Amino acid sequence: MLRDIQTVGECAKCGAEAAVTCRYNHFERPEEELVIDAWEHKCANCGIRETTAYRSDDPEEEHPEDSRKCPYCGRDGTA
Ligand SMILES: [Zn+2]
Ligand SMILES: [Zn+2]
């Protein structure tokens, strides 16, 4: 499992500088052929939170090629 947190800048809601963190979690369960890429943006100042998770076994949701890129800030979780 990979866990990666970076500070990505200013909060769009409260305007606090360097308060928003971008967290990337990557899970793999080879025995179930399951891969999860989960992204979270959270402001340490006002607490607003946005999350997106891509599951390889979710038939309802597409698992995009770029699921290892943050849907909010676009950074590459594998970099
Ligand atoms: Zn905020
Ligand atoms: Zn991000």
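Which residue in the turn of the hairpin formed by β3 and β4 has a positive phi? That's Gly 47, at about 85 degrees, and the hairpin leaves 5 residues between its two strands. Strands here are DSSP runs of E at least two residues long, numbered from the N terminus.

Before going on, a quick note on what you're looking at. This is a predicted model, where local features need pLDDT of at least 70, side-chain atom pairs count only at pLDDT 80 or more, and totals for chains, interfaces and linings use all residues. Residues are numbered from 1 along each chain as its sequence is written, while chains are lettered from A and ligands numbered from 1 in the order in which they are written.

Look for Asp 37, which sits opposite Tyr 54 in β4.

Now for the loops. Most residues other than glycine have a negative phi. Ala 18, in the loop between β1 (2-9) and β2 (20-29), has a positive one near 50 degrees.

Ala 18 is exposed because it has 12, and Glu 33 is exposed because it has 9. Cys 14 is in the loop between β1 and β2 and is partly exposed because it has 13.

Terms used
Helix = DSSP H or I, 4+ residues; strand = E, 2+ residues; numbered from the N terminus. Buried ≥ 20, exposed ≤ 12 C-beta atoms within 10 Å, placed from the backbone. Pairing = 2+ DSSP bridges.
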